[in-house]
Amino acid sequence: MYAQMVRTDSDGVKSLDEMSPQERAFQERIDRGEKIEPKEWMPEAYRKTLVRQIGQHAHSEIVGQLPEGNWITRAPTLERKAILLAKVQDEAGHGLYLYCAAETLGVSRDELLDKLHSGKMKYSSIFNYPTLNWADIGAIGWLVDGAAIMNQVPLQRTSYGPYSRAMIRICKEESFHQRQGYDIMMKMARGTPAQKAMAQDALNRFWYPSLMMFGPSDKDSVHSAQSMAWKIKINTNDELRQKFVDQTVPQAEFIGLTIPDDKLAWNEEKGGYDFSEPDWSEFYEVIAGNGPCNRERLGARVKAWEDGAWFRDGLLAHARKKEGRRAAA
Amino acid sequence: MAALLDTAIDRASLFEFLLRMGDNALVLGHRVSEWCGHAPVLEEDIALANTALDLIGQTQLWLGLAGEVEGQGRSADNLAYLRDAHEFRNLLLVELPNGDFGRTLMRQFLFDAWHLPMLKALAASSDPRVAEIAAKAVKEVAYHVERSADLVIRLGDGTEESHARMQAALDELWPYTGEMFLSDAADEAVAAAGIAPAPASLREGWRDTVAAVLAEATLKEPAGAYAHKGGRSGRHTEHLGYILAEMQFLQRAYPGSTW
């Protein structure tokens, strides 16, 4: 999931009777499964919550280029390099659709970027972990994109039209990303002993951070109910995490890798795996800025933005000159 | 063509020529990909990844054919990952460090303005395998030069700062452009066989393209005529060794693995 712990702008879910007629009409449209479009009336809290959620998702896509970009120049074959370039290009493209979706809610890309750069908005905690060996690129595709898909597939049905349409496009590409990641892991896990060790090491390091991507446990997740009533969140964090574990464990077994969890066991009664919770204190530390790469990741984005100011200014100045010449002619 | 390839010397010349095409694409693709996630605006991240992707795709084709022509069983990956710097045949221009974004764009434009007419000529090559690769690449590179020329113009004729940066980039890179038009025995052999144009034949067209773009960009063509050379015969700058150390790391550290 690329948006974690998005604060919902609400004091709790109102019943239909407590709502104003306008709010009630809005909620009834959502309940009927209608899409809300940009020019239509919406509660201010709905708009603000969506801006936060879509913005955080967009930021995650662009910061997410960095851990993978770390291996583009070292990809082991020309084909792997081309695939990784295509994937990172897709991610920048996802960022672009999502910033555009946020713009339809009245917030510009530059405003959202300012908030990212000043630390007022977050991106997914997962991108604050380093990519230390080539199998990490496999683990990101398999686990990180796998977790993102888990969340994004239901969001194709989200109530806000532009967000829903962005998700439909993004999901098509994400499933390709996940397959290429798993393919790297399979090659590594079935390769030389050194490659297998890299694959296991990558799984060991990315397993719990991937589980954290779904956000805190439902019992500690305070703002979910309103977002679920508005259909901007479709499943709870724990539902999605369970689904992810159930899907991933057999995939790990199939390629001979071990999930780093002694307590992992099939639970016949619930029809799913029992598994250990991630260390939530680590999660809150990473969110607070103390992950292994927080400074580097945000620093890289801020540097790119600041170093690029002359470029953006130059293009604007040229456009103005051209406009001036056209007007004069 | 078939008769020509019967002699070992001509096969060596063709191999040499294909390495030059493939290595230019590989090394420039590597440099461009270094920007991934660090470009000044999201649209540029996308465009650069796209350019790098095109170039790596072209590398696979050129080096794949080079391996086939050489006939020693080397694949495109073997050639990319298991040769040392002195065996690389790319222009010095493409291995120079990225510098600021302006220098990266200027290098791309100066190269694209050569690459496009080169590929257009190769699309009519007497060797159908060469013609086929060129016909595919020419579509991609037509877009590369359209984009790089457009940005050079906009930034040259932008702010005082963007103008100064683009002029500085041009002054820095200019001495590395002459190498594109130099010839040696391998060039003469492939030109005589109608496989590729003589390098010098592309100079005039390149000068015209560059002069028109620089004029619109309000940039001044540097006066010096000195040309650094050596890349096409394997004598490189210090930079290439570091590119290869990074690019070839996994293949060198874990030889014989499948990835």
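Reader: Let's start with S227(A): which helix is it in?

Author: S227(A) sits in helix α9 of chain A, which runs over residues 224-229. Keep in mind that this is a predicted model.

Reader: Why is S227(A) called buried?

Author: Its relative accessibility is 5%, and the cut-off for buried is under 20%. So 5% puts S227(A) in the buried class.

Reader: And what is S227(A) in contact with, leaving aside neighbours within four places in sequence?

Author: T8(A), T49(A), I232(A) and K233(A). To count, heavy atoms have to come within 4.5 Å.

Reader: Over to chain B. How do you know that the length of α5(B) agrees with a helix of 22 residues?

Author: α5(B) covers residues 101-122, and at 1.5 Å a residue it should span 32 Å. Its end C-alpha atoms are 30 Å apart, so the two agree.

Reader: Where does α5(B) bend?

Author: At D112(B), by about 25°.

Reader: What makes you say α5(B) is largely enclosed?

Author: Of its 22 residues, 18 are buried, so the rest of the structure largely encloses α5(B).

Reader: What happens at the start of α5(B)?

Author: D100(B) reaches in with a side-chain oxygen, to within 3.1 Å of the backbone nitrogen of G102(B). The limit for a polar contact is 3.5 Å.

Reader: Which residue caps the N-terminal end of α6(B)?

Author: That's D127(B), with a side-chain oxygen 2.9 Å from the backbone nitrogen of R129(B).

Reader: Now the two chains together. Why is E43(B) with R109(A) called a salt bridge?

Author: The closest N and O atoms are 2.6 Å apart, and the rule asks for a nitrogen and an oxygen within 4 Å, so the pair qualifies.

Reader: How much area do chain A and chain B bury between them?

Author: About 4,100 Å², 68% of it on carbon and sulfur atoms. L78(A), W310(A) and F311(A) supply 21% of the area chain A buries against chain B, more than any other three residues.

Reader: And how many residues are in contact?

Author: 47 residues of chain A, with 50 residues of chain B.

Key. Residues are numbered from 1 along each chain as its sequence is written. Chains are lettered from A and ligands numbered from 1 in the order in which they are written. This is a predicted model: local features need pLDDT of at least 70, side-chain atom pairs count only at pLDDT 80 or more; totals for chains, interfaces and linings use all residues. Side-chain values use heavy atoms; hydrogens and water are left out. Helices (H or I, at least four residues) and strands (E, at least two) are DSSP runs, numbered from the N terminus. The expected span of a helix is 1.5 Å times one less than its number of residues. The bend at a residue is the angle between axes fitted to the seven residues ending there and the seven starting there. Buried means under 20% relative accessible area, exposed over 50%, partly exposed in between (1.4 Å probe, protein chains only). A polar contact is a pair of N or O atoms within 3.5 Å; within protein, one must be able to donate a hydrogen and the other to accept it, and residues adjacent in sequence count only if both atoms are side-chain atoms. Buried area is the accessible area (1.4 Å probe) that two parts lose on being put together, summed over both. A salt bridge is a side-chain nitrogen of Lys or Arg within 4 Å of a carboxyl oxygen of Asp or Glu.
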